[in-house]
Amino acid sequence: MNAKAELSWVPVCDLDDLLTNVGVCAKVSDRQVAIFKVAEGDSFNLYAIDNHDPFSNANVLSRGIVGDLKGHNVVASPIYKQHFCLETGKCLEDDIEIPVYKVRENAGKVEVFLGS
Amino acid sequence: MSKQKLVVIGNGMVGQKFLEQFAGKEQAASFQITTFCEEPRAAYDRVHLSEYFTGKTAEDLSLVPEGFFESTSIDIRLGDKAVAIDRKNKEVKSAKGDIISYDKLVLATGSYPFVPPIPGKDRPECLVYRTIEDLEAIKATATKSRVGVVVGGGLLGLEAAKALKDLGLETHVVEFAPRLMAVQIDEGGGKMLRTKIEELGVQVHTGKNTQEIVDGDECTLRMNFADGSHLDTDLILFSAGIRPQDELARQAELAMGERGGIVINNYCQTSDEDIFAVGECALWNNRIFGLVAPGYQMSQVAADAISGEFSSEFKGADMSTKLKLMGVDVASIGDAHGMTKGAQSYIYTDEHNQVYKKIVVSEDGKYLLGAVLVGEAEEYGTLLQMMLNNIELPEFPDALILPQRGGSAAPAMGVDKLPDTAQICSCNNVSKGDLCCAIQGGITELGDLKSATKAATSCGGCTALVGQVLNAELEKLGIEVKKDLCEHFPYSRQELYHLVRVEGIRSFEELIAKHGKGKGCDICKPTTASILASCWNEHIIEPALAGLQDTNDYFMANMQKDGTYSVVPRVPGGEITPDGLIAIGQIGKKYDLYTKITGGQRIDLFGAKVHELPLIWKELIDAGFESGHAYGKSMRTVKSCVGSTWCRYGVQDSVGMAILVEKRYRGIRSPHKLKLAVSGCTRECAEAQSKDVGVIATEKGWNLYLCGNGGMKPRHADLFASDLDDTTLIKYIDRFLMFYIKTADRLQRTSVWMDNLEGGLDYLRDVVINDSLGIGEELEAQMNHLVDTYQCEWKTTVEDPEKMKRFRHFVNSDETDSNVVFVKERGQIRPAREDEKRIDTVAV
């Protein structure tokens, strides 16, 4: 069952549970996933990255401020303020990368896909 | 090789400067230095002596850098006076009987106050004004006095009059000459100065020749004047000029001036080439220089000579001066009296605003020779440089002193015209070249330039000029000083504040759409949130504002290294009931929180998980607490000592005032955190002088100190105003805080902000006390709006189910973060280290 869950889209919450430009953390399987709804003009994009901040070893990235820097959509770690690209998981200040996940809206639900 | 012996007699301002200048030289290592100091304490700032009466201590006035004598191994003989020089054996004998030999000797013995030979001058109520001991004697006598008289209406006399006034005496100034400050300013200036000073409650008597001092009628003493009139007083302070302290040199048979003073050459050498003299005891070209700046120049010259370099010469000094006498700006430049042959004057008098300005120009009208400014002296720096550097005058020289109205700016001198050798800061001898060099080294901020070069750090008279040099040089280097907040906004914080305020902008989206680009970032979003809060004061986690907040503001708690939060309830003034303590204790125990007392007299509760925050706050609010805003860039605490209610020494109710102040400013967002304190007496147990706003009780009210801070670069607050009543105190704090909130940069504390204001503390006084910008009422109204719209952010939150929803770690589960692990230490929790977490996992 576990293997199957990892290979499918997992609904985690209602789209309405997300505030624009404010992250939440969802538990998906045994992972902590930070999900962001970022405004793009009149619409929005969803992003999902790992919630674990490699610099502080705390699970806090969902609580960072989102924005853009040099053309990348980023979240800033609330602890030591490094920026992580929401699309690639790359850190802008250091040679380090965190996992990113697929995320989509499906019939008013936010769904995360843990497989690659 | 054994060390050479250098003896310095006198540790006053100039003696100390010499030691510092000499100790900074490589050659200092081959000298063994001894210095005699007749007074019981090392060098202190005599220029600002009167501040001793407005709250400064002897320590505050000290000029000796911490650890100076230890680190330089200079042997200072405090309280021991040199009494004889034996030139034949090259020895100095001290009052305590020590004999110290020298290879080089420096006389920095200074001067003593001249007391005219009037019968009765030796009565115990007749005093002088020179040392801290003198001040103590004045203070002691003043307690038994109602009336005080200063004999001498010169620069020092007026300073002394301010001191008597500060001590609460009915104050008179008696001057022999027909006007005040006869040496420095002309008749018109003297008249204006007199009007202003009399308005401040000091009675001025000019053209009075004191004949004798006898027993008084209404007071202890009576002064009888040559014109038959008399004046009764309880205290007489002589300030009728100075005389060089040259007795030692006279005994040692060095060459002396006819009217005293030790004759020196351009290297500050006396008639004995191994003996130097500097400062007010020295006579150069038959002149005594009674200001500190020329003294500092002499000490540098002497230091250069004694080190063997002989690299500089003293060639006289400009005696121009600018000062504030009892709050009145007075400046005198060069030939103030127009004594030069053919000199012509331009005079501007404004009796309504009590301003007098005069410039003296050369016969051909091309060059400035001198100037007098009373009541307003902003032009001092520019005029002084024009005179010193022979800069050609503009076509209409009177425009230099006429008020600028209707957009007609005064003709700028253009600092470009100044040569690199032009001395910009005479107190610390900083030239334009020194400033340019520092700017070329990468400095772009006024505050940094001041601390790097020391320019404008003593009297501050050259601050505006230093700023002009900075701007001109940056422009020349092609450096555009970008004040842009971040890549999203081409504006500084101050400009954004202005846009938000003027255009009534209420959201980040509106601001970035109108004035920025992109989506924003973790710099501009919290900055905007802070500005919106300072202007409109809406709840910080309203949905439209929530995404702008740093996590601390978003969860209204302080995030710690493991992702948990700490909670600080407000404890106004540090006053808390036993029930309050018990409630906090019970809540801490229930949620197993680590508790610690903070520096701001509150209690910090650590280790709260996100979902626990509203539960904890619900209980705190029920127990009567409210948010302490420890998480915000906002007003934090007002620390206090127990004050007159309990303390034997307290003179005012400091706790009551601290609570009033804390409740007034609670929750106010600002560019950086703000800390305040109130002390109940001058013992200062609340450490108010280390705060952004410090209040210290006096017998008559409150002294207000501004712009101090602890932290990485501690800074003492500056005395801003004295003996304020409650209403005025609050008015000044309102204006100060709101002016700071409006104009400071992001994360700029009040101290740095003030250092970057052209004009610094004086400018701030003008804005806050004299309302020079005419915005005083507006600032108060804006502050009142913030006070009136205050809400406890936590109370509003726990009453709003929508807001409460956010306080969970997972959006889709009630589980908590398994990565948060605590262990016990000294009976309380602390975050587990990574190795402890692994053991924990294995054990489970």
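Start by selecting E24(B) and E25(B): six bridges join these two strands, which run antiparallel. Strands here, like helices, are DSSP runs numbered from the N terminus (E, at least two residues, for strands; H or I, at least four, for helices), and two strands pair if DSSP finds at least two bridges between them. Before going further, note that this is a predicted model, in which local features need pLDDT of at least 70, side-chain atom pairs count only at pLDDT 80 or more, and totals for chains, interfaces and linings use all residues. Residues are numbered from 1 along each chain as its sequence is written, while chains are lettered from A and ligands numbered from 1 in the order in which they are written.

**Stop 1: around E24(B)**

Stay on that pair and click B:Val361, whose bridge partner in E25(B) is B:Leu368. The hairpin of E24(B) and E25(B) has six residues between the strands, and B:Gly365 there takes a positive phi near 70 degrees.

Is E24(B) enclosed or open? Six of its seven residues are buried, so E24(B) is largely enclosed by the rest of the structure. Buried means that 20 or more other C-beta atoms lie within 10 Å of the residue's own; 12 or fewer makes it exposed, anything in between partly exposed, with C-beta atoms placed from the backbone.

**Stop 2: helix H6**

Select residues 187-199 of chain B, which is helix H6. At 1.5 Å a residue, its 13 residues should span 18 Å, and the end C-alpha atoms are 18 Å apart, which agrees. (The expected span is 1.5 Å times one less than the number of residues.)

Color the buried residues of H6(B), among them B:Met192, B:Leu193 and B:Ile197. What covers them includes E24 and E25 of chain B from the previous stop, plus strand E12 (202-205) and strand E22 (328-334). Just after H6(B), B:Gly201 takes a positive phi of about 95 degrees.

**Stop 3: a parallel sheet**

Next, show the five strands of chain B that form an open sheet in the order E3-E2-E1-E7-E19, with parallel pairing. Strand E3 (75-78) and strand E19 (275-277) are the edge strands, each pairing on one side only. From one strand to the next, the twist averages 15 degrees. Such angles run from 0 to 180 degrees between N-to-C directions, using axes fitted to C-alpha atoms, for helices over the stretch in contact.

Zoom in on E1 (residues 4-9) and E2 (residues 31-37) of chain B, parallel strands joined by six bridges. B:Ile9 stands opposite B:Phe36 in E2(B). Then bring in helix H1 (residues 13-23) of chain B, which lies across E1, E2 and E7 (104-107) and runs at about 155 degrees to E1(B). Helix H8 (residues 292-306) of chain B packs on the sheet too, touching E1, E7 and E19, and its direction makes about 165 degrees with that of E19(B).

**Stop 4: an antiparallel sheet**

For a contrast, select E4, E5 and E6 of chain B, an open sheet of three strands in that order with antiparallel pairing. E4 (82-86) and E6 (99-101) stand at the edges with a single partner strand each, so one side of each is left without a neighbour in the sheet. The twist averages 25 degrees from one strand to the next. Four bridges join E4(B) to E5 (residues 91-94) of chain B, and B:Ile85 has B:Val92 as its bridge partner.

**Stop 5: B:Lys417**

B:Lys417 sits in the loop between helix H9 (380-388) and strand E26 (423-425) of chain B. Buried or partly exposed? With 13 C-beta neighbours inside 10 Å, B:Lys417 counts as partly exposed.

**Stop 6: where the chains meet**

Finally, show chain A, which has one helix and 11 strands. In all, 26 residues of chain B are in contact with 25 residues of chain A; contact means C-beta atoms, placed from the backbone, within 7 Å. On the chain B side, helix H16 (543-546) and helix H17 (551-555) each supply at least two residues.

Conventions:
Two residues are in contact if their C-beta atoms, placed from the backbone, lie within 7 Å.
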